[in-house]
Amino acid sequence: MEKLKVIVRLRPFSRRERATCGEEEVRVVDGMVQLGRQPGYALSEPPNSVGRQLAQRVASNIELDVETPPDMIMKRLPFGDQTNNAPTPELWEELTTPPAQTKKPAASASALPSRFRFDGVYGPDASTEALYDGSGVSEIVQSFTQGYNATIFAYGQTGSGKTHTMEGITDLAVEDVFAFVEASRGAGSRHLLRASVLEVYNEKIHDLLAGGGTTPGEKAANLRLLEDTKSVKVQGLAELSLDTRETLQEALQRARLSRMTASTKANERSSRSHLVVRLTLETRHEGSRMLQVSCLNLVDLAGSERVQETQASMRETCSINQSLLCLGNVVARLAEDPSGHVPYRDSKLTRLLQHALGGNSKTAMICTISPCGGWHLEQSKGTLMFASRAMNITNAAKRNLEAEEDLRATSLLMRYEKEIEDLRFRLEGLEHEHSGEDVSQVQELKRKLEGMTKFVLNYFDGETKTLTTPRSGPPI
């Protein structure tokens, strides 16, 4: 049993926000997230300007002395006093004497800036690679290669940097998975890696690898969810067998272009759907009759938003907020009483994440927040409260080892191995029978054999080509 890992990332100001918002209202201080309303005037209007004092003068109908500090301003006679009654000396003294300095009462607890502590907190200057290596996310990816189910997902308001973060995390995870396969050469292990990519858009599941189109009409139709005691599967979801890192990266790029996006007031390219990238790794160790099968889910959630602020589609916004509300209900129930009923079936998203929240998975949640005030500050506080509840969730991850007999009907690795052995047997028979006279059938079998063996990674130990290269270039 282990706690769900929660990481918070604060994005930097955009150029437009820096010109209009002034100081940040969300900060990273001493490894914690601090919320608190700070003065945030526009850069062209300093807080003590004469213009602001004149505005206060008009609003209060009281004459102000701009040469006097704000806390020492003396009250004058109202402009509208047209009486002929001369003020008495006592009244003059009352009107012209500054009020006595009194000690200000202590601020209440609710007025003080709120502080939140998590498993990892990263400010605007931190790179995605620093988050990946320093927060334990890379360890969760490593556990996937060791036979554990793993999930990494990003949560936060629209425009807070979720997609940027998850694209970087996904690229680093893919690199580490193929580096593991490369490092396992010589150990006698065989691996089969496959990938699927889907989106949940308006409570409908679309396959982003089927058809290869870039519009919803060219994607696979609405797919159904099938559930068993071990996992939640998507009926008819295409899976791509992988032989190289480049094959997977090309598939991910195609899926990202097919994802539903739209331009809103908050984000030029706003994600309108939840994106789920699922990697499945089957591993057989030399001499073992056990098979290791694990799944890695990389989830980029659509962001919570307000129509009046983002000017997005009402239908899309309602669908996104409803699914995130269902996710919040699941998290709250798991944090309070995991033994009771948990409403996983209230949305497609929570059903897909069922085993990642409170189930057989090692899970990391990356919550992204904005430094701005106003409605952004309210959304950031809601995100941090959600993250605080999620820290109380406990998962029961276990290594997935199954006997060959139990997986004979479902294991793609075992099916490929059997077909490869049959092809090799037929090839040896043809080569011996024809002795080089009729080579057309031999060449056809060789092509089939080559096509099958390239997907069973390290099948011919020591002969597979390089699958990955060391990390290089600037941080993501």
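**Entry 1: ground rules**

I number residues from 1 along each chain as its sequence is written, and I use heavy atoms for side-chain values, leaving out hydrogens and water. Because the model is predicted, local features need pLDDT of at least 70 and side-chain atom pairs count only at pLDDT 80 or more, while totals for chains, interfaces and linings use all residues.

**Entry 2: the whole chain**

I looked up the secondary structure and found 14 helices and 20 strands. Helices (H or I, at least four residues) and strands (E, at least two) are DSSP runs, numbered from the N terminus. How much of the chain is buried? Buried residues make up 45% of the 476 residues. Buried means under 20% relative accessible area, exposed means over 50%, and partly exposed lies in between (1.4 Å probe, protein chains only). I also looked at contacts (heavy atoms within 4.5 Å). Among contacts with a separation of 6 or more, 72% come from residues 24 or more positions apart.

**Entry 3: helix α5**

Next I went to α5, residues 137-145. Is this helix enclosed or open? It is largely enclosed by the rest of the structure, because 7 of its 9 residues are buried. I noted the buried ones as V137, S138, I140, V141, S143, F144 and T145. Just after α5, I came to G147, which takes a positive phi of about 110 degrees.

**Entry 4: α5 against α6**

Two packed helices are described by the angle between their axes and the distance between the axes. Axes are lines fitted to C-alpha atoms, for helices over the stretch in contact, and angles run from 0 to 180 degrees between N-to-C directions. For α5 and α6 I found an angle of about 40 degrees, with the axes 10 Å apart. That makes α5 oblique to α6. The naming goes like this: under 35 degrees is roughly parallel, over 145 roughly antiparallel, 65 to 115 roughly perpendicular, and the rest oblique. On the α5 side I listed V137, V141, F144 and T145, and on the α6 side I169, A173, D176, V177 and F180. By class, this contact has 7 nonpolar, 1 polar and 1 charged residue. Here Ala, Val, Leu, Ile, Met, Phe, Trp, Tyr, Cys and Pro count as nonpolar, Asp, Glu, Lys and Arg as charged, and the others, Gly among them, as polar.

**Entry 5: α6 against α7**

I then followed α6 (residues 162-183) to α7 (residues 245-258), where the angle is about 160 degrees and the axes are 10 Å apart. That makes α6 roughly antiparallel to α7. From α6, the residues E167, T170, D171, V174, E175 and F178 meet R245, L248, Q249, L252 and R256 of α7. I sorted this contact into 4 nonpolar, 2 polar and 5 charged residues.

**Entry 6: H191**

I found H191 in strand β8, residues 190-201. It counts as buried, at 0% relative accessibility. Which side chains does the H191 side chain reach in polar contacts? I noted S184 at 3.0 Å and T283 at 3.0 Å. A polar contact is a pair of N or O atoms within 3.5 Å; within protein, one must be able to donate a hydrogen and the other to accept it, and residues adjacent in sequence count only if both atoms are side-chain atoms.

**Entry 7: R345**

My last stop was R345, in the loop between α9 (314-336) and α10 (348-352). R345 counts as exposed, at 59% relative accessibility. Leaving aside residues up to four places away in sequence, R345 touches E227 and R351.
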